[in-house]
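Work through the two exercises below with the sequence and the model at hand, and try each task before reading its solution.

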Amino acid sequence: MKNLEQIKGSRVYGRRQGKSLRKASGERFDKYFPELSINLNEEGSLAVDTLFDHNPEQVWLEIGFGKGEHLAAQAQNNPNVAIIGCEPFINGVSGLIDHIDRQQLNNIRVYMDDARLFMDALPNEFLSRAFILFPDPWPKKRHHKRRIVSAGNLKVLSRIMKDNAELRIATDHHDYCRWIIARLMENPEFTWVCDGPDQWHKRSDDWPATRYESKALKVGRKSTYMTFIRKARLK
Ligand SMILES: C[S@@+](CC[C@H](N)C(=O)[O-])C[C@H]1O[C@@H](n2cnc3c(N)ncnc32)[C@H](O)[C@@H]1O
């Protein structure tokens, strides 16, 4: 666990707030956010047994869910799974809340801050699936250290993921794609499930689209969809 000073010093790169929320979205935010939101305590730790009212079959995590369309679709399609989303951008969280209200979803919780803080607070072998979809590519070399797919963050993910859990990553950025594959190949705890280009150029049926992906397609940028498995631990 990181100490409090490190946690306070942690930085999220990118926006936390864009346009002010529209009146109806603001009202929905005020209504739903208190019961959806997860808070870490002063030391940056988490009472995991208080996360859900029931005992979910599986817990999944989406890092940087944007406006939440993928997370909401997964929650709707998998009612026995509990899904936690991390997103520091308030307009994104508000977008997710709009979906939750419209689709009447009750299996979602939100951490409205840096996913790295949240992952640090999770116990070992907790997650059955994790998603990092269209993470910010930070194309300039001097900004590569901001990339969320990094050796350090993968180490944390491999700790909190269960044996054979899936890590799904997508990007439309060629350089980041190569970087992602390289970082995952360097980590002996993950293996890439890959039968060839047909697989990595096409989303599977249980992989809903995201807003960012649709925007990329409109301007002719194709995406790569990668599934990695957290290898079983030697017991
Ligand atoms: C390019 S957007 C993609 C959003 C969404 N996944 C999609 O495909 O439409 C990247 C998202 O990651 C979020 N993000 C950036 N750094 C993050 C962090 N440290 N923890 C959680 N989310 C983060 C941003 O706020 C942004 O919403």
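The model is predicted, so local features need pLDDT of at least 70 and side-chain atom pairs count only at pLDDT 80 or more, while totals for chains, interfaces and linings use all residues. Residues are numbered from 1 along each chain as its sequence is written, and side-chain values use heavy atoms, with hydrogens and water left out.

**Exercise 1.** Describe the surroundings of the ligand and its polar contacts with the backbone.

*Solution.* Begin with the shell of 17 residues around the ligand (a heavy atom within 4 Å), among which Gly64, Glu87, Leu133, Thr210 and Tyr212 come nearest. Next, look for polar contacts (N or O atoms within 3.5 Å): a ligand nitrogen lies 2.8 Å from a polar backbone atom of Gly64, a ligand nitrogen is 2.9 Å from one of Ala115, and a ligand oxygen is 2.9 Å from one of Tyr212. Finally, the protein covers 87% of the 590 Å² of accessible area that the ligand has on its own (Shrake-Rupley method, 1.4 Å probe).

**Exercise 2.** Determine how helices α2 and α4 pack.

*Solution.* First, locate α2 at residues 23–36 and α4 at residues 90–103, whose axes (lines fitted to C-alpha atoms over the stretch in contact) are 9 Å apart at an angle of about 85°. The helices are therefore roughly perpendicular (65 to 115 degrees). Then list the contact residues (heavy atoms within 4.5 Å), including Phe29 and Tyr32 of α2 and Val93 and Ile97 of α4.

Notes: A polar contact is a pair of N or O atoms within 3.5 Å; within protein, one must be able to donate a hydrogen and the other to accept it, and residues adjacent in sequence count only if both atoms are side-chain atoms. Axes are lines fitted to C-alpha atoms, for helices over the stretch in contact, and angles run from 0 to 180 degrees between N-to-C directions. Helices (H or I, at least four residues) and strands (E, at least two) are DSSP runs, numbered from the N terminus. Angles under 35 degrees count as roughly parallel, over 145 as roughly antiparallel, 65 to 115 as roughly perpendicular and the rest as oblique.
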